[in-house]
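Let's take a walk through a protein model together. Have the sequence and the 3D view ready, and follow along as we go.

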Amino acid sequence: MGFKCGIVGLPNVGKSTLFNALTETAAAQAANYPFCTIEPNVGEVAVPDKRLEVLAALAKSATIVPTRLTFVDIAGLVRGASKGEGLGNQFLANIREVDAIVHVVRCFEDTDVTHVEGRIDPIADIETVETELMLADLESLERRVDGLSKKAKGNDKEAKEQLDLVNRALALLREGKPARLTERKPEEERAYHMLGLLTALPVLYVCNVEEASAANGNGYSRKVEGRAKEEGAAAIVISAKIEAEIAVLAREERDDYLAAVGLKEAGLDRLIRAGYALLDLLTFFTAGPKETRAWTVTRGTKAPQAAGVIHTDFEHGFIRAETIAYDDYGACGGEVGARDAGKMRLEGKDYVVQDGDVLHVRFSPQ
């Protein structure tokens with residue numbers, strides 16, 4: 001399990017170039033005209049984690065299986081997309097299936113690359129896309145009110161609760177505010193998620209800058225970072241051109257190239273780290289002679305549910321998890337050394353999995 005990001009933005013902001021670079025494929029057609037992405041392109045990348053190699057060496061694993069990050073490249077939205085302009089309706093539906101929105105914003109000037117609005121203004125671009133997403137949410141919720149109201153009058157408890165959530169979200173959307181600002185209790189989170197609201201999804205802004213600004217950003221990207229801070233979103237600076245150049249290099253040449261342009265790491269690594277923080281995700285591991293594998297769960301996940309990510313039978317028949325912290329696993333030379341040093345813990349159903357835990361699940365087949 002990793003997480004799924006929908007890449008959105010206006011046409012010609014560098015979305016498909018970034019998608020191609022991040023997934024190291026030419027699956028998305030990067031072309032200088034709107035709507036070149038006719039179908040949503042899906043690409044998966046391995047999440048880089050240096051701990052995997054350490055664990056695999058100690059466990060003498062035959063293979064290493066990293067966790068995966070899925071990118072969905074969605075065609076450029078334009079003003080009126082919520083009403084079907086461009087290819088709006090088709091692609092708004094695709095966004096509903098992701099865990100987070102990666103909003104690529106043009107923060108570079110280039111007379112050879114046209115802008116659909118005829119000017120470079122990243123904040124206005126953000127507002128155009130966000131407005132279309134809010135209008136789509138507004139229409140979606142308004143269609144549900146009558147049906148829910150009828151059920152609520154018939155003393156349908158679930159309908160009453162859902163109608164209350166819908167009305168709270170509608171009040172915000174009618175004020176021009178995204179649904180993610182809706183106040184809700186922890187116990188309402190699942191029902192709220194089921195509404196499938198586009199503006200309820202976490203947002204990571206990717207400021208696509210020219211190569212010279214890749215290390216420190218520019219005036220445009222700083223405006224986006226300020227906007228992100230105000231709304232509790234995340235923002236990172238990436239040069240899609242640099243990422244595209246890195247993608248075709250041999251892996252051993254990439255570090256030298258990055259150093260030459262003043263970067264310490266590739267944009268993919270920064271994007272993943274920002275995405276994990278935004279979604280509050282962590283990684284735990286399983287390690288043995290067959291394989292060392294990384295698994296991704298939300299912070300706060302308890303051991304049985306983490307075991308269920310490995311296999312549903314593990315959750316249903318969960319007994320305990322033999323747990324070793326990554327640092328202890330390395331310091332003690334592996335599982336046997338950690339056990340002999342008293343660093344292996346037996347954790348039960350209430351244990352909250354921590355980042356870097358190496359788990360061995362004991363379960364009873366159902």
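This is a predicted model: local features need pLDDT of at least 70, side-chain atom pairs count only at pLDDT 80 or more; totals for chains, interfaces and linings use all residues.

Residues are numbered from 1 along each chain as its sequence is written, and side-chain values use heavy atoms, with hydrogens and water left out.

Let's start inside. In soluble globular proteins, nonpolar side chains tend to be buried together. A nonpolar core here is a set of buried Ala, Val, Leu, Ile, Met, Phe, Trp, Tyr and Cys residues joined through side-chain atoms within 4.5 Å, and buried means under 20% relative accessible area, exposed over 50%, partly exposed in between (1.4 Å probe, protein chains only). The largest core has 50 residues, and Leu69, Phe71 and Leu271 are among those with the most contacts inside it. Helix H10 (residues 267-279) gives the most to this core, 6 residues; helices (H or I, at least four residues) and strands (E, at least two) are DSSP runs, numbered from the N terminus. Another core, of 17 residues, lies apart from it and includes Leu163 and Leu195. Back at Leu69, contacts (heavy atoms within 4.5 Å) beyond its neighbours within four places in sequence include Phe3, Val45, Leu268 and Leu271.

Now for a loop. Where does Thr301 sit? Look between strand S9 (291-298) and helix H11 (303-310). Thr301 counts as buried because its relative accessible area is 14%. Its side chain reaches the backbone oxygen of Thr298 at 2.6 Å. Leaving aside neighbours within four places in sequence, Thr301 touches Ala306, Tyr351, Val352 and Val353.

Most residues other than glycine have a negative phi, and most peptide bonds are trans. Lys60, not a glycine, has a positive phi of about 55°, and Asp280, not a glycine either, has one of about 60°. Lys60 is in the loop between helix H2 (51-59) and strand S3 (63-65), while Asp280 is in the loop between H10 and strand S8 (281-287). Exposed or buried? Lys60 is exposed, at 69% relative accessible area, and Asp280 is partly exposed, at 36%.

Note on methods. A polar contact is a pair of N or O atoms within 3.5 Å; within protein, one must be able to donate a hydrogen and the other to accept it, and residues adjacent in sequence count only if both atoms are side-chain atoms.
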